Amino acid sequence: MTENRPFALQRRERLMDELRLHGAVRVRDLALLLEVSELTVRRDIAALAARGLLTKVHGGAALPTELDSTQTQARRTRPAATAFSVGMVVPSLDYYWPQVVSGARAAAAALGVQLQLRGSSYDQAEDRRQISRLVEAKQVQGLLLAPNLDGDGAGEMIDWIGNLPVPTILVERQISSWTPTLRQLEWVRSDHALGLEMAVRHLHEHGHRRIGLVLSKGSPTSVHLAHGWHKACAELGLPDDFVVRAGVALYEPGHRQAIEEILERCRRYGTTALIAHSDPDAISIAQYLSEQGIAIPDDIALVGYDDEVAHLAEPAITAVRPPKARVGRTAVEMMVSRLKEGKRRPPQRVLILPELILRDSSVRRTTI
């Protein structure tokens, strides 16, 4: 059976529109948006990739970089030995960061850059170990790093990174206090504060005037989310004192008691909506609410943050989706620009906007 060609063209135009808007897309999301099978989406991606309109990545697609057209010709004539090699150290390879890495790999492939990936943990000693391995091998011309910048050793860590012998760009990290090396450090990250503002404003538009915020303990993202929370509440005239810093995911010891204390606070203050970072915490809250016979979103609306697994909950959870693939992609593009232009190029700090993915956990369905 042959595919209806006009419909296929319209579908692929819509796919390209989504790519231009977000920089990268996932097969799963496109299938839902276009109301077709994932196999059909993969075929569309393959067809567009064959025309050079996009780059296939694991689970989706990304736009070719702005430099791709010139780099393609350059790679035909440039010996492979002259290509840039960039090291990348991320704190996790199983949550959040795979999409950042996918975006970086797509940009690296388009620009003819070799990307050397190292997994670390949220530990400064391990960060130093993995970074040192890359530098001491003398095989990379630049570094993309997501180190742990919390705790007593943060200042020393920042100075150490700033004095590395190769250019460095921080990924989903930034320096908030002055250090001697601050001027030369660059970073690219999601605008998490704005992402949290989007969640608050969405709930406010749907009539919620008492909202609570549940933040993960020890996450580098929490400080930005808290900033966005207080800003949005101040601008909307909402109380901002309902902030809980506690891990309530299913694997956290004592998570049920912590959620019950949150719910008791909701009852006491008349809170009708919660924002939870991250997805596992939001899902844990949703499951507990269901056990207690509390309807989502009729009794309590729920919004998650990260949008890694929020769609798997029942009901599916509205979530803020940081532009993870775009962050990785931009980091590589910034590094190539820096390596090509050298000191002539001013340092850059880039914020990229998240998006709010609406699902059933935050919007009441109206019956006719």
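**Helix H9 and its surroundings**

Helix H9 (residues 222–236) has 15 residues and spans 21 Å from its first C-alpha to its last, close to the 21 Å expected at 1.5 Å a residue. Helices (H or I, at least four residues) and strands (E, at least two) are DSSP runs numbered from the N terminus, and the expected span is 1.5 Å times one less than the number of residues. This is a predicted model, in which local features need pLDDT of at least 70, side-chain atom pairs count only at pLDDT 80 or more, and totals for chains, interfaces and linings use all residues. Residues are numbered from 1 along each chain as its sequence is written, and side-chain values use heavy atoms, without hydrogens and water.

Me: Which residue follows H9, and what is its phi?
Reply: The helix ends at residue 236. The residue after H9 has a positive phi, near 70°, and is Gly237.

Me: Is Asp307 buried or exposed?
Reply: Asp307 lies in the loop between S12 and S13, and its phi is positive, near 55°. Buried means under 20% relative accessible area, exposed over 50% and partly exposed in between (1.4 Å probe, protein chains only). Because its relative accessibility is 0%, Asp307 counts as buried.

Me: What is the omega of the peptide bond from Glu314 to Pro315?
Reply: Most peptide bonds are trans. Pro315 is found in the loop between S12 and strand S13 (318–321). The bond from Glu314 to Pro315 is cis, with omega near 0°.
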